[in-house]
Number of protein chains: 2
Amino acid sequence: MGSKGLIVQKYGGSSVANVERIRNVARRIASYRKKGYDLVVVVSALGDTTDELIDLAHAINPDPSPREMDMLMATGEQASSALLTMALHRLGIKAVALTGPQSGIYTDGDYTRAKIVNIIPKRIHQEIARGNVVIVAGFQGLSPEGDIATLGRGGSDLTAVALAHALKADLCEIFTDVDGIFTADPRIVKSARKLDVITYDEMLELASLGAQVMQARSIEVAKKFSVPLIVRSSLNNKPGTLITEEVEGMEGAVVRGVSLDKSQAKVTISGVPDRPGIAASIFKEISKAGINVDVIVQNVSSEGKTDISFTVNKADLRKTLEVLEKVRRKIKADKVTADEDICRVSIVGVGMRNHPGVAATMFEVLAKNKINIEMISTSEISISCIVKARYGAKAVNALHSAFGLGKKRKKSA
Amino acid sequence: MGSKGLIVQKYGGSSVANVERIRNVARRIASYRKKGYDLVVVVSALGDTTDELIDLAHAINPDPSPREMDMLMATGEQASSALLTMALHRLGIKAVALTGPQSGIYTDGDYTRAKIVNIIPKRIHQEIARGNVVIVAGFQGLSPEGDIATLGRGGSDLTAVALAHALKADLCEIFTDVDGIFTADPRIVKSARKLDVITYDEMLELASLGAQVMQARSIEVAKKFSVPLIVRSSLNNKPGTLITEEVEGMEGAVVRGVSLDKSQAKVTISGVPDRPGIAASIFKEISKAGINVDVIVQNVSSEGKTDISFTVNKADLRKTLEVLEKVRRKIKADKVTADEDICRVSIVGVGMRNHPGVAATMFEVLAKNKINIEMISTSEISISCIVKARYGAKAVNALHSAFGLGKKRKKSA
């Protein structure tokens with residue numbers, strides 16, 4: 001059936017949370033099929049299945065083996081792929097369900113957080129040639145030993161993006177429960193506007209800065225292989241947001257969005273002897289403990305001593321303090337303190353590369369709103385400020401307005 | 001670790017219905033391990049998981065595709081094998097979970113009721129050599145296309161028996177929620193006694209006659225390959241019932257057990273022209289419709305016409321009557337009637353081969369109890385009578401007593 005092209009779609013757990021939603025997804029897939037597209041559809045586990053399986057495993061063993069954990073978790077997506085396929089059959093659409101291993105997804109076998117190392121989509125090509133919509137169980141692949149390995153958080157998005165690349169798909173659509181990528185979180189900023197287009201780099205900054213629509217790793221893969229990506233809602237027919245490479249003058253925006261991240265805590269080690277290599281010795285120990293550090297700030301030295309502050313995920317705070325206390329004694333620093341009552345406010349946009357005044361504007365806006373900045377961090381296309389948690393929403397709203405990100409007023413009437 | 005031998009065990013869904021029971025099963029396995037046995041353990045899906053998955057599938061599609069049905073169903077055993085393995089790890093026992101395909105179980109690919117065609121237990125041998133208890137997801141194997149196929153009812157028992165043969169295991173233990181095989185259903189006959197030993201053939205008759213502990217297909221495989229089988233409870237430490245080949249003078253019993261089957265209905269086609277080939281023409285059509293017939297009785301012919309009665313499973317009754325009505329018109333028989341209000345009472349024992357008086361005793365016992373016999377059927381080691389359903393329990397109790405199957409009185413005190 002002369003195909004109009006190949007589309008890879010991904011539906012998240014909330015899109016297939018119950019029988020009615022599974023039927024809705026099937027109807028959507030059927031409508032694409034009737035338009036003449038070939039389709040490979042990646043599906044997550046039903047609703048809260050994954051969390052329920054984790055709870056069950058932990059009730060049996062508080063420290064379950066990663067290999068068996070993956071074997072258990074993978075059942076969620078295997079089940080949802082079979083169910084979605086049955087729903088398509090009921091609509092008269094030819095379809096076949098495949099597990100990650102059957103789809104030819106090979107991983108490094110690092111259980112619970114495996115990386116995809118290769119995709120050999122022979123079976124998928126066969127099934128497309130037979131006229132089938134191929135429903136792939138997301139989040140999983142084969143280990144080098146022939147066992148099941150899962151891809152960790154955002155694993156189904158990654159499956160979709162990696163398959164879109166391997167299959168040379170024309171488009172990869174990520175269906176979720178939001179309408180797309182917004183200039184700010186609509187729950188915080190009322191005038192937040194859905195973006196029609198955003199670059200991979202901007203999306204990467206937003207992903208790592210707390211906009212939780214997609215994990216950074218999937219966007220990195222999409223960027224690396226130039227996979228055209230659309231994020232859109234499975235609950236309506238709105239067009240969503242296209243994530244693509246940078247286009248000259250794209251939407252002409254300096255700042256594309258404002259984000260708020262409340263997941264971090266600030267840690268400070270004070271009275272650190274100011275000598276070469278001291279920062280390295282601190283962060284080497286932190287890194288050894290598997291803790292990711294975000295913003296780092298070192299204050300100016302006074303009297304041969306300096307203060308070093310950084311942020312870590314709140315979940316890692318206790319471990320960080322343990323490690324840091326050992327380091328403090330070793331390097332003879334004065335004390336270690338922590339502050340969980342902070343948040344990170346960031347502005348993102350590729351346009352700011354050519355607009356040196358953006359940082360100044362940001363600081364000015366915060367100052368005008370009497371919001372004290374505790375730490376500052378910048379990348380080529382983003383600026384982040386750590387402020388007290390209670391100022392987070394106020395800061396985001398003020399910045400969103402100051403950079404003109406709000407909804408455009410309708411011209412008529 | 002110099003092994004004392006290899007045991008294959010199977011635990012049914014009720015044995016792993018919740019976290020506490022899974023832990024109990026793990027403790028039992030650990031105790032075998034500590035005694036020095038190598039172990040391969042086949043496990044069913046948790047409690048009612050399989051039924052829940054079937055309901056979910058039917059809510060989405062009343063007629064789900066067998067291939068995807070199997071993919072869905074197989075998740076139940078995959079999950080329970082992973083969970084049981086985690087429970088063993090918690091007890092410090094080395095263990096690894098394998099799916100049916102990973103265990104090298106190859107089937108004919110007849111989805112939802114596949115037959116095992118070959119077992120290549122290379123991976124299982126490897127894992128045993130590494131010192132692991134191997135936990136195998138029951139009920140499933142690989143299709144010739146490399147997909148997941150399930151083995152149908154009793155599939156986990158079959159997995160265990162077939163693995164015990166392929167691995168040349170010293171013993172195959174089927175753990176269930178009853179203490180073993182009884183002389184009669186203890187819910188019906190108060191004095192019913194657990195048997196220490198029973199032959200494959202007797203067990204086959206009991207299985208097909210309504211004693212629902214094990215499916216006939218697993219016992220057939222055990223018989224074919226002389227796999228020594230024990231049926232016992234996972235809830236206590238009682239020794240269970242050994243199922244084995246016939247041993248001269250084994251327990252010296254003529255009748256080993258009495259069974260009751262309420263699942264059948266009687267169908268009669270009356271006024272059938274009595275000419276050669278007429279029975280064949282009837283049962284060919286019934287067979288074509290995929291209906292299994294149990295007892296068949298043809299009455300003596302009078303005036304060139306005869307009556308033919310047979311029993312079918314109640315679930316097949318409606319279809320049987322449809323087929324039979326067509327046949328009736330074609331062969332010009334008088335009428336078709338059905339009776340669901342019947343049951344089948346059977347006595348089983350290899351000893352009756354050499355005791356011609358057993359049938360007479362059975363008929364006499366029923367007559368004394370004023371129970372009318374509607375149909376009679378015999379095999380080499382069993383005799384069955386169809387009687388009105390309301391007489392079932394009475395008949396079983398009377399026969400159980402008459403053949404001396406009750407509990408032996410204690411000699412002391």
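Axes are lines fitted to C-alpha atoms, for helices over the stretch in contact, and angles run from 0 to 180 degrees between N-to-C directions. The legends below describe close-up views of a predicted model.

**Figure 1. Packing of helices α5 and α7 in chain B.** Helix α5 (residues 155-166) of chain B and helix α7 (residues 216-224) of chain B have axes that come within 8 Å and cross at roughly 5°. Angles under 35 degrees count as roughly parallel, and α5(B) and α7(B) are therefore roughly parallel to each other. On the α5(B) side the contact is made by Asp157(B), Leu158(B), Val161(B) and Ala162(B), and on the α7(B) side by Arg217(B), Ser218(B), Val221(B) and Ala222(B). The contact of α5(B) with α7(B) has 5 nonpolar, 1 polar and 2 charged residues.

**Figure 2. Crossing of helices α8 and α9 in chain A.** The axes of helix α8 (residues 278-288) and helix α9 (residues 317-331), both of chain A, come within 9 Å and cross at roughly 145°. This crossing of α8(A) and α9(A) is right-handed. Helix α8(A) contributes Ile278(A), Ser281(A), Ile282(A), Glu285(A) and Ile286(A) to the contact, while α9(A) contributes Thr320(A), Val323(A), Val327(A) and Ile331(A). By class, the residues of the contact of α8(A) with α9(A) are 6 nonpolar, 2 polar and 1 charged.

**Figure 3. The open sheet of chain B.** In chain B, 8 strands form an open sheet with mixed pairing, in the order β3-β6-β2-β1-β9-β11-β12-β10. Strands β3 (95-98) and β10 of chain B are the edge strands, each pairing on one side only. From one strand to the next, the twist averages 20°.

**Figure 4. Strand pairing around β11 and β12 in chain B.** Strand β9 (residues 171-176) of chain B runs parallel to β11(B), to which 5 bridges join it. Within this pair, Cys172(B) has Leu229(B) in β11(B) as its bridge partner. Strand β11 (residues 229-233) of chain B pairs in turn with β12(B) in the antiparallel sense, over 3 bridges. Here Leu242(B) in β12(B) stands opposite Ile230(B). Strand β10 (residues 197-199) of chain B is joined to β12(B) by 3 bridges, and these two strands run parallel. The bridge partner of Ile198(B) in β12(B) is Ile243(B).

**Figure 5. The two faces of strand β12 in chain B.** Side chains alternate along strand β12 (residues 241-244) of chain B.

Figure 6. Helix α1 (residues 19-34) of chain B lies across β1 (6-11), β2 (38-43) and β6 (133-137) of chain B, and runs at about 160° to β2(B). Helix α3 (residues 66-90) of chain B also packs on the sheet, where it touches β2, β3 and β6 of chain B. The direction of α3(B) makes about 160° with that of β6(B).

**Figure 7. The interface between chains A and B.** In this interface, 25 residues of chain A are in contact with 25 residues of chain B. On the side of chain A that touches chain B, α1 (19-34), α2 (49-60) and α3 (66-90) of chain A each supply at least two residues. The largest share, 13 residues, comes from α3(A). By class, this side of chain A has 15 nonpolar, 8 polar and 2 charged residues.

Terms used. Residues are numbered from 1 along each chain as its sequence is written. Chains are lettered from A and ligands numbered from 1 in the order in which they are written. This is a predicted model: local features need pLDDT of at least 70, side-chain atom pairs count only at pLDDT 80 or more; totals for chains, interfaces and linings use all residues. A residue is buried if 20 or more other C-beta atoms lie within 10 Å of its own, exposed if 12 or fewer, and partly exposed in between; C-beta atoms are placed from the backbone. Helices (H or I, at least four residues) and strands (E, at least two) are DSSP runs, numbered from the N terminus. Two strands pair if DSSP finds at least two bridges between them. Two residues are in contact if their C-beta atoms, placed from the backbone, lie within 7 Å. Ala, Val, Leu, Ile, Met, Phe, Trp, Tyr, Cys and Pro count as nonpolar, Asp, Glu, Lys and Arg as charged, and the others, Gly among them, as polar. A crossing is left-handed if the near helix is turned anticlockwise from the far one by less than a right angle, and right-handed if clockwise. Angles under 35 degrees count as roughly parallel, over 145 as roughly antiparallel, 65 to 115 as roughly perpendicular and the rest as oblique.
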